[in-house]
Amino acid sequence: MGKIVATEFISLDGVIEDPGGAEGYEHGGWSFRFDQGEEGRKFKLDELMAADAQLLGRVTYEGFAQAWPTMTDPVGFADKMNGMPKYVVSSTLQRPTWENSTILSSTDGVAELKNSHEGDILIAGSAALVRALTDLGLVDEFRLMVFPLILGTGKRLFDGAKLTRLKLADITEIGTDGVSIQRFTLV
């Protein structure tokens with residue numbers, strides 16, 4: 001059985017909005033203010049290479065679908081992003097535009113999706129989807145790359161989520177600026 005893993009760049013105050021700067025948010029690109037070190041790059045590469053599929057909300061999917069198909073890199077990150085199965089949960093998206101994409105009209109099919117994969121199913125961004133799946137008890141692990149920064153405004157990962165108890169599985173500091181990778185599982 002597969003495992004749903006929410007993997008996020010997140011500020012100390014819980015903001016996940018526009019860490020890369022592509023969305024035009026007032027604080028966009030905030031993650032680039034920090035040195036994630038070789039450990040951070042390796043973590044993200046290893047995480048993706050070990051995954052079986054991606055599960056995305058519509059907004060994140062549309063951003064990724066616009067950017068990734070034209071990207072290349074020497075380590076194969078872009079090839080994996082483009083080639084792996086992708087599932088987008090959306091009641092409004094009519095046709096997927098990104099290779100190997102399937103639309104799920106609701107979260108109802110996510111439990112079945114876990115049964116159809118053996119490895120990790122990664123969710124990046126997709127705050128509303130992560131909250132919904134957390135409330136349904138379907139997120140098995142949270143991998144949060146926490147940046148020591150308070151943004152004050154922006155989309156927060158857990159706004160409106162119901163009470164959910166987690167267990168700290170691991171914490172690792174990366175780079176030289178106090179960025180950490182914190183892994184949590186459901187209790």
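Where does Gly175 lie? Select Gly175 and look at the strands on either side. Gly175 is in the loop between β7 (166-174) and β8 (179-186). Keep in mind that this is a predicted model.

**Stop 1**

Is Gly175 buried, exposed or partly exposed? Its relative accessibility is 23%, so Gly175 counts as partly exposed. Now show what surrounds Gly175. Leaving aside neighbours within four places in sequence, Gly175 is in contact with Asp35, Gln36, Gly37 and Glu39. Gly40 and Gly175 are 135 residues apart in sequence, yet 7.0 Å apart in space, C-alpha to C-alpha.

**Stop 2: helix α1 and Glu47**

Go to helix α1, residues 37-50, and select Glu47 there. Glu47 has a relative accessibility of 6%, so it counts as buried. What does the side chain of Glu47 make a polar contact with? The partner is the side chain of Thr7, at 3.0 Å. Not counting residues up to four places away in sequence, Glu47 touches Thr7, Leu122 and Arg143.

**Stop 3: strand β5**

Select β5 (120-124). How many of the residues of β5 are buried? Five of its five are, and β5 is mostly covered. In a regular strand the side chains alternate between the two faces of the sheet.

Next, show the partners of β5. β1 runs parallel to β5, and five bridges join the two.

**Stop 4: the largest nonpolar core**

Nonpolar side chains tend to be buried together in soluble globular proteins. In this model, the largest nonpolar core has 24 residues. Select Leu55, Val110 and Leu133, the residues with the most contacts inside this core. Then colour the elements that supply at least two residues each: β1 (3-11), β2 (51-57), β3 (86-89), α4 (110-115), β5 (120-124), α5 (127-135) and β6 (141-147). Which element gives the largest share of this core? That is α5, with four residues.

Zoom in on Leu133. Not counting residues up to four places away in sequence, Leu133 touches Leu55, Thr107, Val110, Ile123, Leu138 and Val139.

**Stop 5: two positive phi values**

Most residues other than glycine have a negative phi. Ser126 sits in the loop between β5 and α5. Its phi is near 55°, a positive value in a residue other than glycine. Ser126 counts as buried because its relative accessibility is 9%.

Move to Asn100, in the loop between β3 and β4 (101-104). Phi of Asn100 is near 60°, again positive in a residue other than glycine. Is Asn100 buried, exposed or partly exposed? With a relative accessible area of 41%, Asn100 is partly exposed.

Methods. Residues numbered from 1 in each chain as written. Predicted model: local features only at pLDDT ≥ 70, side-chain atom pairs only at ≥ 80, totals over all residues. Heavy atoms only, no water. Core = buried A, V, L, I, M, F, W, Y, C linked by side-chain atoms within 4.5 Å. Buried < 20%, exposed > 50% of the residue type's maximum accessible area, 1.4 Å probe, protein only. Contact = heavy atoms within 4.5 Å. Pairing = 2+ DSSP bridges. Polar contact = N/O pair within 3.5 Å; in protein donor to acceptor, adjacent residues only side chain to side chain.
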